[in-house]
Amino acid sequence: APVRAMAAAAGPSTPTGDAPTELEPGVLRAQWLGPRPEEEVLKAGLVEASAALGEEGLLTFPRRPNNTPLLMRQGFFERLLKGETTLHNCAAADASAAETDVKRLSLEQLLKLRCMNLEYVPTGAGQASKASFLSLLDRCTMTLLADRLLVDESKSLSEGHRALAMRHAVLIYGAARELRESGNHAGSDWWLFAVAGTRRFLHLPTFKLQSAPPAGQPVVCYRSHTQPNPRDPRRSRTYRWQVLLVQDASSWTEDPLVVEQRLRKGAKLTTAKTKAPPATGLAAGGGARMGAAMSAGQYVLFGDFDLDDLFDDLDADLDQIATASGATSGGAVTPKTTTPTSEKKPALGGSVGQASQPEAGNDIDEFFDSLLGDQLFDQSAKPATPA
């Protein structure tokens, strides 16, 4: 995939091929990623995230108090993880029977299994059980990723916010992998991570979030110019990012999705608070959207719902949160300005809050819709933690 290093960053809404004459203030480096199918970046991101988490304990499974296996089909998962069989070659009945155990697996196991089957797309009525298995594998994977990154806050976020955050976490890993393989390193292992209008910072080697990077550490920020492919009836998405290495992360407030989401208010990111924004009604209706894509026994990576519809929901969601905040403080809610131009001297990057602005993908959000809707995990048993 093409990676174009530039002497300077183009305007926040113009992914042009011409190299500007100078960098934006505070930006050390800028380069373009894409265009390429977004699904390819998501796949690369899953592989990169799996490598960051490592493979320790891949064959360690949860056990009951009497030391018997908790998984009903532990042998099936052992064969998959050892590479002795594949989801493509196994019997459909085995995949169907193993679904009960998927929610008992660890994050490392889920990611490994998903990465081993990235190119396998079960299609046709006879493959419905395998498509269902992969869909459940995705939902469990993203649920545990959200729990790892956002901890308790994950449960208080709306489904749309949570879906958007996890989608972009995977895309960030995909972008980092693309840069490394092209010989253009991002320049930092710390990436801006926007969640529901607020900002945090993702440390790629440890797959953990912090409220601020180490002092003096540059941070990689980005602007997403990803858009649906108008030539594809399925509205697959074409990935296009501008990646910027920023010297002072605290001065960068531009929302990375301002172009992709077509934000009319130029929303800015704020510093993450301890308490998450209140959950709203975005969780409703997810199962119906996911069911539509699975009805024909066909699997699409990360689901199949319209990102534009979700963006509209998120826009209204953030308006609701802002209105509630204004009422609580007793002051009027001030409309946010549009993305600043080069003639002004705003905080670097325009607008992105520190902890709460999610988005969801066109092809990846069918399972995201069900993240909060499905009761995937009961508390009676949890994946085993390797000693």
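This is a predicted model: local features need pLDDT of at least 70, side-chain atom pairs count only at pLDDT 80 or more; totals for chains, interfaces and linings use all residues.
**Entry 1**

Which residues of α5 meet α7? I listed Met142, Thr143, Leu145, Ala146, Leu149 and Leu150 on the α5 side. Across from them, α7 brings Arg162, Met166, Ala169 and Val170. Sorted by type, the residues of this contact come out as eight nonpolar, one polar and one charged.

**Entry 1: aromatic rings**

Next I went through the rings. I found six aromatic pairs in the structure. I took Phe77 and Phe133 to start: their ring centres are 6.3 Å apart and the planes sit at 25°, so I logged the pair as stacked. The cut-off for that is planes under 30 degrees apart.

Where in the chain do Phe77 and Phe133 sit? Phe77 is in helix α2 (residues 74-82) and Phe133 is in helix α5 (residues 128-150). They are 56 residues apart, and the pair links distant parts of the chain. I checked burial too, and both Phe77 and Phe133 are buried.

Then I turned to Tyr239 and Trp241. Their ring centres lie 5.3 Å apart with planes at 40°, so this pair is tilted. Buried or exposed, I asked of Tyr239? Tyr239 is buried, at a relative accessible area of 0%, and Trp241 is buried with 0% as well.

**Entry 2: what covers α4**

I moved on to helix α4, residues 107-115. How many of its nine residues are buried? I got seven, so I put the helix down as mostly covered, with buried meaning under 20% relative accessible area. The buried ones are Leu107, Gln109, Leu110, Leu111, Leu113, Arg114 and Cys115. Arg114 and Gln109 are on that list along with the leucines.

As for what covers the buried residues of α4, I noted α1 (38-53), α2, α3 (92-102) and α5 among the elements included.

**Entry 3: two single residues**

I picked Pro62, which lies in the loop between α1 and α2. Pro62 counts as buried, with 2% relative accessibility. I also looked up its spacing to Leu105: 43 residues apart in sequence, but 7.9 Å apart in space, C-alpha to C-alpha.

Ala128 was my other pick, and its place is in helix α5. This alanine is partly exposed, at a relative accessible area of 32%. Ala128 and Ala92 are 36 residues apart in sequence, with 8.4 Å between their C-alpha atoms.

**Entry 4: whole-protein numbers**

Last, I jotted down the totals. I have 10 helices and nine strands in the protein. Of the 387 residues, 54% are buried. The accessible surface comes to about 16,500 Å², and carbon and sulfur atoms account for 52% of that.

What share of the contacts between residues at least 6 apart in sequence join residues at least 24 apart? My entry for that reads 79%.

Note on methods:
Residues are numbered from 1 along each chain as its sequence is written. Side-chain values use heavy atoms; hydrogens and water are left out. Rings of Phe, Tyr and Trp (its six-membered ring) pair if their centres lie within 6.5 Å; planes under 30 degrees apart count as stacked, over 60 as edge-to-face and the rest as tilted. Helices (H or I, at least four residues) and strands (E, at least two) are DSSP runs, numbered from the N terminus. Buried means under 20% relative accessible area, exposed over 50%, partly exposed in between (1.4 Å probe, protein chains only). Contact means heavy atoms within 4.5 Å. Accessible areas come from the Shrake-Rupley method with a 1.4 Å probe; for residues, only the protein chains shown count as cover. Ala, Val, Leu, Ile, Met, Phe, Trp, Tyr, Cys and Pro count as nonpolar, Asp, Glu, Lys and Arg as charged, and the others, Gly among them, as polar.
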